[in-house]
Amino acid sequence: MFSVTVRDHMMIAHSLRGEAFGPAQRLHGATYVVDATFRRAVLDHDGVVVDIGRAAEVLRRILGALTRRNLDDEDSLSGVNTTTEVLARLVADRLAGEIEAGALGVSGRGVEALAVTLHESHVAWATYERAL
C-alpha cells in the first residue's frame, strides 16, 4: 500500500465534559498539528497516490472551518465531547466527503483509505483511520 501525507494545523478552544478530564473541563485552547494520510494499493497513471497540492488545499479548507473557533459554540458539535479522537474522526469524515465529491481530482478517485492524526504535543496524539 502506498501513502502520501500532508500536514497543517488548527487552533481551537473547547471544554470537555467528564471527571476524567480534570481541569480540561474548563474552557481552554489547543493547537493541533494535523496529518492527513491518503492510501492506495496502485499508483495512478502519473505514478502518484494523490495530487499533494490539492490534498493540502482541501485539508487547509477543512481545518479553516474549525480554527480560531470555540467548538463549544458550534451548532454542528452540540452535545459532542470534542476530544482529540473525536476531532480526528471529524476531519477524516470531512476529507472523505471532499474525496467523494472529486475535490482531489482524478488521482483522488483511487484513494482507498485515509488516516488523520491530531498531534496534541510532541508526546501525545490520536489517529482515526477509515476506508473509502
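Is Pro23 buried or exposed? In this predicted model, Pro23 is exposed, with a relative accessible area of 58%. The residue sits in the loop that joins E1 to E2. From Pro23 to Arg61 the C-alpha to C-alpha separation is 31 Å, and the two are 38 residues apart in sequence.

The largest nonpolar core is made of 32 residues, and Met10, Phe38 and Leu95 have the most contacts inside it. At least two core residues come from each of strand E1 (2-14), strand E2 (28-40), helix H1 (52-64), helix H2 (84-100) and strand E4 (113-119). The element that gives the most to this core is H2, with eight residues.

On the H1 side, the contact is made by Val58, Leu59, Arg61, Ile62 and Leu63, while H2 contributes Val91, Arg94, Leu95 and Glu98.

Strand E2 holds two residues that are worth a visit, Val33 and Arg39. Val33 counts as partly exposed, at 31% relative accessibility. Beyond its neighbours within four places in sequence, Val33 is in contact with Arg7, Asp8, His9, Thr117, Leu118 and His119. Phe21 lies twelve residues from Val33 along the chain, and their C-alpha atoms are separated by 21 Å. Arg39 is likewise partly exposed, with a relative accessibility of 24%. Setting aside neighbours within four places in sequence, the contacts of Arg39 are Met1, Phe2, Ser3, Val49, Val111, Glu112, Ala113, Ala115 and Glu129. Arg39 and Ala101 are 62 residues apart in sequence, and the distance between their C-alpha atoms is 17 Å.

Another residue to look up in the structure is Ser107, in helix H3 (residues 105-108). Is Ser107 buried or exposed? Its relative accessible area is 9%, so Ser107 is buried. Not counting residues up to four places away in sequence, Ser107 touches Arg40, Asp44, Val48, Val49, Val50 and Asp51.

Finally, the backbone at Arg68 deserves a look. Most residues other than glycine have a negative phi. Arg68, although not a glycine, has a positive phi of about 60°. Where is Arg68 found? Arg68 lies in the loop between H1 and strand E3 (69-70). With a relative accessible area of 66%, Arg68 is exposed.

Methods: Residues numbered from 1 in each chain as written. Predicted model: local features only at pLDDT ≥ 70, side-chain atom pairs only at ≥ 80, totals over all residues. Heavy atoms only, no water. Core = buried A, V, L, I, M, F, W, Y, C linked by side-chain atoms within 4.5 Å. Buried < 20%, exposed > 50% of the residue type's maximum accessible area, 1.4 Å probe, protein only. Helix = DSSP H or I, 4+ residues; strand = E, 2+ residues; numbered from the N terminus. Contact = heavy atoms within 4.5 Å.
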